[in-house]
Amino acid sequence: MQDPWLDKIDADRFRKEVIAWYRRHGRVLPWRNCADPYRVWVSEIMLQQTQVATVLGYFDRFVARFPTVVDLAAADEAEVLHYWQGLGYYRRARNLHQAAKKVVQEFDGCVPTEPQELRKLPGLGRYTANAIATFSSDQRLPILEANTIRLWTRLLAAPGDPTKGTLNRRLWNLSEEVLPKNGCADFNQALMDLGSEVCTARNPDCSKCPLEEFCSAKEQDRATEFPQLPKRPTIVNVDHVAIVVRHRDHVLVRQRPDAGRWASLWEFPTCERDKSETWEQAAQRAIDLAVQTKETLAIAEHLVFKHGIMHFRVTLRCFKTTLRTKLTSLRPRSRWTPLDELERLAFSSPQRRIAYSLLENGR
Ligand code: SF4
């Protein structure tokens, strides 16, 4: 039995409106109209939790360096992370790399296009597997992600949490039932673009929406009441301290642990400031993470900026110290690196900002 909402509307006209809008206003993106499932896959992983505008620069660089799944599988993880640095959520890059190896070992280097096979790869859930299959080979498969969830919950004026339970199942079923017989890639992309460009989270532009006449939330003047997502955790303020320890044209860097946030990425020694200590005391503690010294090093403030990680708002205060004599009692995973080689290391976005500040001003 199909969804009762579909019984109430002229579904063929709905589909025609969606496609007609897409022909005029759909976004032109480098991974669209592409029959190569590898490129679609890379784009979909990059787009998780990340805006299209951000992904655009990274995607071209990544696929230029790793043009096939075989190239990606053969690369060192450090290099893969290097090409991912700044995109955040590095677990995505690690899973992609592991999955590429699995494709080479188990699928003879051919990215599968069946969703059941795709879902055996690390990091691929129902949405991503269906997206790869439908976008690269036009299969008749539903997709449901943040943009289409917003669009559907408004079209239906559907109360409740759309990310789980009955409503989530209903939206998946409806997304499948509404698909046209052919041209599902365009249809699915059109729905995503409508959600992203017209039915936006804060200011849905109903006057420009081709689906206005089908929309229950618009009819009830309640568009921004949907979707009814669970409340986000409260933002917590934290302070981080980083230290640039420099000797001539070398700086001290440290590789983060292999698990946890920013696993295996490089950083200038950094710690979280305890509210009971001064920034300077925290900076001395950060030095101790990378090198043993009995001296209290003279430090000066170098850079302060704020950034966000999940539900944390981080104030990062970076200090610097210049040594006449090189300290040699390095802690494990720490090393002196020439400034010229900083660009070859994979840093998280905030740490990369420190690295760039040194490269621009400090040579
Ligand atoms: Fe979204 Fe408005 Fe279109 Fe409804 S009419 S789908 S609320 S943009």
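# Close-up views

Tyr89 is placed in the loop between H6 and helix H7 (91–106), where helices (H or I, at least four residues) and strands (E, at least two) are DSSP runs numbered from the N terminus. The model is predicted: local features need pLDDT of at least 70, side-chain atom pairs count only at pLDDT 80 or more, and totals for chains, interfaces and linings use all residues. Residues are numbered from 1 along each chain as its sequence is written, and side-chain values use heavy atoms, with hydrogens and water left out. Tyr89 has a phi near 45 degrees, a positive value in a residue other than glycine. Most residues other than glycine have a negative phi, and most peptide bonds are trans. With a relative accessible area of 42%, Tyr89 is partly exposed; the class lies between buried (under 20% relative accessible area) and exposed (over 50%), computed with a 1.4 Å probe on protein chains only.

**Loop between S2 and S3.** Trp262 lies in the loop between strand S2 (250–255) and strand S3 (266–267). The phi of Trp262, a residue other than glycine, is positive, near 55 degrees. Trp262 counts as buried, at 19% relative accessibility.

**Cis peptide.** Phe226 and Pro227 are joined by a cis peptide bond, with omega about -5 degrees. Pro227 belongs to the loop between helix H13 (216–219) and strand S1 (236–247).

The ligand takes up the space of the largest cavity. A cavity is a set of points, on a 1 Å grid over the protein atoms alone, where a 1.4 Å probe fits but cannot get out; a pocket, by contrast, is an open set with protein on both sides within 12 Å along at least five of seven lines, and lining residues have an atom within 4 Å of a point. A molecule sits in a cavity or pocket if more than half of its atoms lie within 2 Å of its grid points. Around the ligand are Leu151, Arg154, Cys199, Cys206, Cys209, Glu212, Cys215, Lys218 and Ala223, a residue being near a molecule or strand if one of its heavy atoms lies within 4 Å of it. The shell divides into six nonpolar, no polar and three charged residues. In this division Ala, Val, Leu, Ile, Met, Phe, Trp, Tyr, Cys and Pro count as nonpolar, Asp, Glu, Lys and Arg as charged, and the others, Gly among them, as polar.

**Aromatic pairs.** The structure holds ten aromatic pairs. The ring centres of Tyr38 and Trp41 are 6.4 Å apart and the planes stand at 85 degrees, so this pair is edge-to-face. Rings of Phe, Tyr and Trp (its six-membered ring) pair if their centres lie within 6.5 Å; planes under 30 degrees apart count as stacked, over 60 as edge-to-face and the rest as tilted. Tyr38 and Trp41 are three residues apart in helix H3 (residues 37–47), so about one helical turn separates them. Tyr38 is buried at 2% relative accessibility, and Trp41 is buried with a relative accessible area of 0%. Phe66 and Tyr83 form an edge-to-face pair, 5.4 Å centre to centre with 70 degrees between the planes. This pair links distant parts of the chain, 17 residues apart: Phe66 is in the loop between helix H4 (52–65) and helix H5 (69–74), and Tyr83 is in helix H6 (residues 77–84). Phe66 is buried, its relative accessible area being 0%, whereas Tyr83 is partly exposed at 24%. Trp5, Phe14, Trp152 and Phe214 make up one aromatic cluster.

**Arginines over rings.** The charged end of Arg61 sits over the ring of Tyr58, 5.0 Å from its centre. A charge sits over a ring if NZ of Lys or CZ of Arg is within 6 Å of the ring centre and within 35 degrees of the ring normal. Over the face of Trp279 lies Arg317, at 4.5 Å from the ring centre.

**Two loop residues and the whole chain.** Leu124 is in the loop between helix H8 (115–118) and helix H9 (126–137) and is buried at 7% relative accessibility. From C-alpha to C-alpha, Leu124 and Ala99 are 9.1 Å apart in space and 25 residues apart in sequence. Lys294, in the loop between helix H14 (279–290) and strand S5 (300–309), is exposed at 88% relative accessibility. The chain has 15 helices and seven strands, and its C-alpha trace spans about 80 × 50 × 35 Å along its principal axes. Of its 363 residues, 52% count as buried.
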